[in-house]
Amino acid sequence: MEQIDRIKGSLYGMAAGDALGVPSSFMTQEYIKTRWGWIDTFYPPEPGHIFHDGLKAGEYTDDTEQAIALMKSFIRNGKVDSYDVVKEILNWAERVKNKYASPLGPSTEKALKAIKAGADIKESGRYGNTNGAAMRISPVGIIHGLKNSSCEEMIKDVYLTCMPTHNTGVCVAAAAAVAWGVALCIRGEKDIEFIVKETARAAKLGEKYGYSIAAPSVSRRIEWAYEIIKKSSNPKNAMKELYEYMGGGDLAADSIPVAIALFALGEGDVKKVDEYCVNFGGDCDTNAAMAGAMAGAYSGMENIPEEWKRTIETVNHINFEKFAEEISETAPKWNTAV
């Protein structure tokens, strides 16, 4: 499989997971089962949804939108420019402010308000504790997967991307885990257990960056979540047990271990992984965006239903083929942070 197919798979896997999770986000596992049975296609959010009220069926959210903002900045600059990343996210937030109930996550919204009020971007994200940095990080993983960078090299860019809004050890750890998972999948790594263990190692390295706040170890929780998955007798039992322990909410230490465990449960198959995430409960769209980015990089476009791809393109007026080509051209010229 060519790397360009893996890049496209990562982008479509992310966007499809994000859009599939729109109606079920922040619902319980039991409510999702009662209301939809099993989500495997696109539904609009129920009226009054806490975050997604106003979106159409198949429309993705801030997870994909902010990843696109990063790609635009990266393609333009050939490096992570934290100030330019903030500019792109602010431009996007301004465009969609009346589009639906809540376009921004709590940590990002707080940090961006501080930046607009004049705060230094080295300080604006010092209290972040949610999954907002990890949800948009896949383009960093794609670039470093193409560059064959070491995990240590990649994390410097992860940190610069996190800094304005999520400048804490737990958030950098979470973003590093997802980015490194994507990078390994882009390279064609096929050993699921090795990928999971490497994401835990990346999280351990990442937690050394940023401000220290009270939070669980993302690395230890990835290992724990994976053990739950491995020991379970079937996928639905695994999902139930993992949900009872971890919930999969929007805190970085809850969300990222669940997303990586569900990537492993689906064995890197985009359709299975995205569906497990959006039927799991909690922050469904974000967990599916992260796990879907890894799964798409793992298996390419092959396991992404054509209907999903067509709906994402039509509803969101997006062509990820062009982004895939541009980011592939950017990678050889990339300047890694020092």
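Select the charged side chains to begin: the protein has 38 positive ones (Lys and Arg) and 46 negative ones (Asp and Glu), with His and the chain ends not counted, and the centres of the two sets lie 3 Å apart, where each charge is placed at NZ of Lys, CZ of Arg, CG of Asp or CD of Glu. This is a predicted model, in which local features need pLDDT of at least 70 and side-chain atom pairs count only at pLDDT 80 or more, while totals for chains, interfaces and linings use all residues. Residues are numbered from 1 along each chain as its sequence is written, and side-chain values use heavy atoms, with hydrogens and water left out.

Next, switch to a cartoon view, where the protein shows 17 helices and 0 strands, taken as DSSP runs (H or I of at least four residues for helices, E of at least two for strands) and numbered from the N terminus. The C-alpha trace spans about 45 × 45 × 40 Å along its principal axes.

Colour by accessibility now: of the 338 residues, 62% are buried, meaning under 20% relative accessible area with a 1.4 Å probe and protein chains only.

Finally, select the cysteines. The structure holds 0 disulfides, a disulfide being a pair of cysteine sulfur atoms within 2.5 Å. Cys151 is in no disulfide, and the nearest cysteine sulfur, that of Cys162, is 13 Å away; Cys151 is itself buried, with a relative accessible area of 1%. Move on to Cys171, likewise in no disulfide, for which the nearest cysteine sulfur is that of Cys162, 7.2 Å away, and which counts as buried at 1% relative accessibility.

How values were computed: Buried means under 20% relative accessible area, exposed over 50%, partly exposed in between (1.4 Å probe, protein chains only).
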